[in-house]
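Biologist: I would like to go through this model and hear what each label rests on. Please set the value beside the cut-off each time.

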Amino acid sequence: MTAPPRKLTALIGCCDEWMCRSLETVFAERGFTVTRSATGRQTLKLIRRGSFDVLMLDERMDELSGIEVCVALRDDPLFDHATPIVVISQSHTTLPSRNAAYAAGAWEYCHQPVDFDSLFLKIGTFLRARQQLAASQSSSLMDPASGLYTTFGLHHLAEQLGARALRNHEAFACLAFSAQQEPSDSGQKRTPEDETGAFEDVAHVVREQSRKSDVVAKTGETRLAILAPDTDAAGARLLVARLQRELDAASKNAAAPGSVRLRAGYCAVSDLAAANVDLAELVQRAESALDHVPATGQPAFLVSFDELPVN
């Protein structure tokens, strides 16, 4: 059953009650879920807390004007800059005011009375461009920040590797990793920054130590996965042990206290064709095994899917 399409959302930041109600009515009639805000500061707070498809900003909002909100968003690295912003003037526009809005980051600048037919044609164009950008980003093979494959790239290459492994009756393993920053001998507690650093350490070691034939992907904020051709269960365990040794060696030269401990789940078959399983399922099994790795303080940090209890 196909899920219903997500309703579009609009945030209207406007201090004029009549104009705000008018905009809300028009957007609601076109299928948008509308959130209203009366001041610039409240509008900026809502934008940073939520995710909206369109932002409508009154040029003369109290506390912060629509232009000032645009400037704050323009310099905010956490804001989705593919979100269209429309600034509305309650008076007739002038060339300097229009240029100021565009320079601040507005996508469109209009004045009362608003030509809504024209405005929504432009908003439709903006939203199509945003959707195409999102689709392009989600289908990108590589994560530019880490230099690793994306989840899409992992599954894309899995099809090619799986076809070859099936023809050649190769062994195949998938491993899923996360990192755990262990406290120092002084008992110093871990911080979120420590966890982020631990993941970066693991990503670096995995990238450096993996074979050319391996596919290493970032599958979550703090998760990695490896597709390892021609690797059976014993080879998967040896790979985890080698990576842990490299992490231990790296931690001796690190300034931060404590060492990084791998948490790993894996699923491996000696003959992919005989196992009658595709690589997508192998990835899911490795992720499931990782979810069953015991918490801190337990002796086991490596779990095989075959060791999981049968429901």
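**Labels and their grounds**

Modeller: At 56% relative accessibility, Asp230 counts as exposed, because the label needs a value over 50%. The model is a predicted one.

Biologist: What makes the phi of Asp230 worth a remark?

Modeller: Phi of Asp230 is positive, about 55°, although the residue is not a glycine. Most residues other than glycine have a negative phi. Asp230 sits in the loop between strand E10 (223-229) and helix H8 (233-252).

Biologist: Which value does Glu63 have for phi, and why is Glu63 called exposed?

Modeller: Phi of Glu63 is near 70°, again a positive value in a residue other than glycine. The relative accessibility of Glu63 is 52%; exposed means over 50%, so the label applies. Glu63 belongs to the loop between E3 and helix H3 (66-74).

Biologist: What is the hand of the crossover from E1 to E2?

Modeller: The chain leaves E1, passes through helix H1 (residues 17-29) and reaches E2; this β-α-β crossover is right-handed. That term is used because the path runs clockwise when the strands point away from the viewer.

Biologist: In what order do the strands of the open sheet lie, and why do E2 and E5 stand at the edges?

Modeller: The order is E2-E1-E3-E4-E5, five strands with parallel pairing. E2 and strand E5 (108-111) each have a single partner strand, so one side of each is left without a neighbour in the sheet. On average, neighbouring strands of this sheet are turned by 20° against each other, direction ignored.

Biologist: Which helix lies across E1, E2 and E3?

Modeller: Helix H2 (residues 40-49) does, and strand E3 covers 54-58. H2 runs at about 140° to E2.

Biologist: Why is Thr150 called buried, and what does Thr150 touch?

Modeller: The relative accessible area of Thr150 is 15%, which is under 20%, so buried is the label. Thr150 is found in the loop between strand E7 (148-149) and helix H6 (151-168). Leaving out residues up to four places away in sequence, Thr150 touches Ser140, Leu141, Met142, Asp143, Ala217 and Lys218.

Biologist: What makes Arg207 partly exposed, and how far is Arg207 from Gly147?

Modeller: With a relative accessible area of 34%, Arg207 falls between 20% and 50%, so it is partly exposed. Arg207 is in helix H7 (residues 192-209). From Gly147 it is 60 residues apart in sequence and 8.7 Å apart in space, C-alpha to C-alpha. Arg207 touches Ser146 and Leu148, not counting residues up to four places away in sequence.

Biologist: How many helices and strands does the protein chain have, and what share of its residues counts as buried?

Modeller: The protein chain has ten helices and twelve strands. Of its 311 residues, 43% count as buried.

How values were computed:
Residues numbered from 1 in each chain as written. Predicted model: local features only at pLDDT ≥ 70, side-chain atom pairs only at ≥ 80, totals over all residues. Heavy atoms only, no water. Helix = DSSP H or I, 4+ residues; strand = E, 2+ residues; numbered from the N terminus. Buried < 20%, exposed > 50% of the residue type's maximum accessible area, 1.4 Å probe, protein only. Contact = heavy atoms within 4.5 Å. Pairing = 2+ DSSP bridges. Axes fitted to C-alpha atoms, helices over the stretch in contact; angles between N-to-C directions.
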